[in-house]
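Subject: Structure handover

Hi,

Here is the structure I promised to pass on. Please open it alongside this note.

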Amino acid sequence: MLRTTFGRALALGLIGAMVSIGIAAATPGSGAVGTILSVGTLPAGVKIHTEDLKLKTRDDVQVVTQTITIAPGGHTGWHSHPGPVFVTIASGTMTFYDADDPSCSPGTYATGATFVDRGGGHVHIARNEGSVAMVLYATYLVPVGAPIRTDAPNPGTCPF
């Protein structure tokens, strides 16, 4: 009985320690609020081929559209996505940093700009370094049932 109780207590303690380490390692956002607008599924076997675009799905793909508002001085926290994300800046200016850039060079996207985050575990952070709220629309293409975002620890490549 003593061994069983001790073993359970040790196991629970280790699990608790691992959870707290994982939470401490993540970099949650600050001043950022996201709202899911729609979720749908694109079936396997879709083929689109035009002069300007090629898209082919091997498996079902979940399509999630979200709006995110980031207050001045706010940020998303370091994170990644399992699939590509199409982003359009609706208002304000977004400053984007890649975790794998040792020079911490920002990419800046103003109102009306659109870009694609390649996904696939690419760690980055979006910051509002301006004086007005920044609003963006993001459309995620992810495996069905996958989260649209995975928090990541601060890579240490930027001074913030």
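Below is what turned up, from the whole chain down to single residues.

**Ground rules**

This is a predicted model: local features need pLDDT of at least 70, side-chain atom pairs count only at pLDDT 80 or more, and totals for chains, interfaces and linings use all residues. Residues are numbered from 1 along each chain as its sequence is written, and side-chain values use heavy atoms, with hydrogens and water left out.

**The chain overall**

Helices (H or I, at least four residues) and strands (E, at least two) are DSSP runs, numbered from the N terminus. Read from the N terminus, the order is α-β-β-β-β-β-β-β-β-β-β-β-β.

Of its 160 residues, 31% count as buried. Buried means under 20% relative accessible area, exposed means over 50%, and partly exposed is in between (1.4 Å probe, protein chains only).

Now contacts, meaning heavy atoms within 4.5 Å. Take those in the protein chain with a separation of 6 or more: residues 24 or more positions apart account for 78% of them.

**The disulfide**

A search of the whole structure gives one disulfide. The cut-off is a pair of cysteine sulfur atoms within 2.5 Å. The partners are Cys-104 and Cys-158, with their sulfur atoms 2.0 Å apart. The torsion about their S-S bond is about 105°, so the disulfide is right-handed. Cys-104 sits in the loop between β7 (93–98) and β8 (107–110), and Cys-158 in the segment after β12 (150–151), so the pair ties together parts that are 54 residues apart in sequence.

Are the two cysteines buried or exposed? Cys-104 is buried, at 12% relative accessibility. Cys-158 is buried too, at 8%. One backbone detail: Cys-104 is not a glycine, yet it has a positive phi of about 55°.

Ser-105 is in the loop between β7 and β8 as well. Ser-105 is partly exposed, at 40% relative accessibility. Leaving out residues up to four places away in sequence, Ser-105 touches Phe-96 and Tyr-97. From Ser-105 to Thr-95 is 9.8 Å, C-alpha to C-alpha, across 10 residues of sequence.

**Two pockets**

The method first. On a 1 Å grid over the protein atoms alone, a pocket is an open set of points where a 1.4 Å probe fits, with protein on both sides within 12 Å along at least five of seven lines; lining residues have an atom within 4 Å of a point. Grid points are joined across faces, edges and corners, and a volume is the space filled by probe spheres set on the points.

The largest pocket holds about 330 Å³. It is lined by 22 residues, and the closest to its centre are Ile-68, Thr-76, His-79, Tyr-140 and Arg-149. Strands that each supply at least two lining residues include β1 (30–42), β4 (61–75), β6 (85–91) and β11 (134–143). By class, the lining has 13 nonpolar, seven polar and two charged residues. Here Ala, Val, Leu, Ile, Met, Phe, Trp, Tyr, Cys and Pro count as nonpolar, Asp, Glu, Lys and Arg as charged, and the others, Gly among them, as polar.

The second largest pocket has a volume of about 190 Å³. Among its lining residues are Lys-56, Arg-58, Asp-59 and Asp-60. β11 gives the largest share of that lining, three residues. The class count is six nonpolar, two polar and four charged.

Thr-69 lies in β4. Thr-69 is partly exposed, at 32% relative accessibility. Not counting residues up to four places away in sequence, Thr-69 touches Gly-31, Ala-32, Val-33, Ala-133, Met-134 and Val-135.

Thr-88 lies in β6. Thr-88 also counts as partly exposed, at 32%. With residues up to four places away in sequence left out, Thr-88 touches Ala-113, Thr-114, Val-135, Leu-136 and Tyr-137. Thr-88 and Leu-136 are 5.6 Å apart, C-alpha to C-alpha, and 48 residues apart in sequence.

Best wishes
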